[in-house]
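Let's take a walk through a protein model together.

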Amino acid sequence: MFLSLPYIDIPPLEIGPVKLYPFGFLVGCAIILGTWLFGKRVKKLGLDEQVAADIALWAVIPGFVVAHLYSIIFYFPHRIVEDPLVLLKFWDGISSFGGFIGGAGGVIFFLRKNRIPPLPYADALAYAFTFAWIFGRMGCSIAHDHPGLPTDFLFAVDFPARDDFAAGPRHDLGLYELVWTLGMALFFWLQRNKARFAGWHLSVWLLCYTPVRFLFDYLRTADVRYFGLTP
């Protein structure tokens, strides 16, 4: 027998007919913090603050739309057959990878359309996004929506039984990403006042996050897979 972290389930806060779920609250905090930090970083770097405000809109709105569509189409295609209108219910399920695609696509479209050099703003975005991502992954760790394979790892979470797996200690990949993102944010904060070439923050973010996320996906369970990979 080995120790594992407890499975903490936080119920929604009910305010009359409205239910405030921890995941949604933390995602909202992530958007607010990320937008604020992006504006602060842009101002510190001497970039155009109006351009930054437009970039924030082009990141958040397409990001949310594609995050939902990606989740439904690739993870729950049967729901489209049952109710095609689920594609329009943007509050009902999101995928972080879909959010990346939508947000990045929106920002790239805006910058190319207006012929704005992308790397300085991409650096500011990468810096701000890292801190915002802490709250996003905190939401995932509380919702336990990225369960992994059974394990005796020290930081395993003692999951209850579900329809698709038995009770017992498992990898909680949302928790793992939260810890990793905290480390990335600390590194960026320590480097915040050092002059770097345009694209440095974006490059570091991609090199630090992408391989780890890719490898973590091999620990996931109860996920639809295409050619052996999760969406």
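Predicted model: local features only at pLDDT ≥ 70, side-chain atom pairs only at ≥ 80, totals over all residues.

Two packed helices are described by the angle between their axes and the distance between the axes. Find helix α2, residues 49-75, and helix α4, residues 96-113. Their axes are 6 Å apart, and the packing angle is about 145°. If you want the handedness, α2 passes α4 in a right-handed crossing. On the α2 side, the contact is made by Val-51, Asp-54, Ile-55, Trp-58, Ala-59, Pro-62, Gly-63, Val-66, Ala-67 and Tyr-70. From α4, the contributors include Phe-97, Ile-101, Val-107, Phe-109, Phe-110 and Leu-111, along with glycines such as Gly-98, Gly-99, Gly-102, Gly-103 and Gly-106. Sort the residues of this contact by class and you get 14 nonpolar, six polar and one charged.

Now move on to α5, which covers 118-143, and helix α7, residues 200-216. Here the axes come within 7 Å and cross at roughly 40°. The α5 residues that make the contact are Leu-119, Ala-122, Asp-123, Ala-126, Tyr-127, Phe-129, Thr-130, Trp-133 and Arg-137. They meet Trp-200, His-201, Leu-202, Trp-205, Tyr-209 and Arg-213 of α7. By class, this contact has ten nonpolar, two polar and three charged residues.

Next, check the loops on either side of α5. Arg-115 is found in the loop between α4 and α5, and His-144 lies in the loop between α5 and β3, a strand at 147-150. Arg-115 has a positive phi of about 55° although it is not a glycine. His-144 also has a positive phi of about 55°, and it isn't a glycine either. His-144 has a relative accessible area of 6%, and the cut-off for buried is under 20%, so His-144 is buried.

Finally, let's look at charged partners. The count comes to six salt bridges. In one of them, the side chains of Lys-89 and Asp-83 meet, with 3.3 Å from N to O. Lys-89 is partly exposed because its relative accessible area, 29%, falls between the cut-offs of 20% and 50%. Asp-83, at 28%, is partly exposed too.

Around Asp-217, the picture is another one. Arg-213 forms a salt bridge with Asp-217, the closest N and O atoms being 3.4 Å apart. Asp-217 also forms a salt bridge with Arg-220, and there the closest N and O atoms are 3.5 Å apart. Arg-213 and Asp-217 are both buried, and Arg-220 is buried as well.

Conventions
Residues numbered from 1 in each chain as written. Heavy atoms only, no water. Axes fitted to C-alpha atoms, helices over the stretch in contact; angles between N-to-C directions. Helix = DSSP H or I, 4+ residues; strand = E, 2+ residues; numbered from the N terminus. Left-handed = near helix turned anticlockwise from the far one by under 90°. Contact = heavy atoms within 4.5 Å. Nonpolar A, V, L, I, M, F, W, Y, C, P; charged D, E, K, R; others polar. Buried < 20%, exposed > 50% of the residue type's maximum accessible area, 1.4 Å probe, protein only. Salt bridge = Lys/Arg side-chain N within 4 Å of Asp/Glu carboxyl O.
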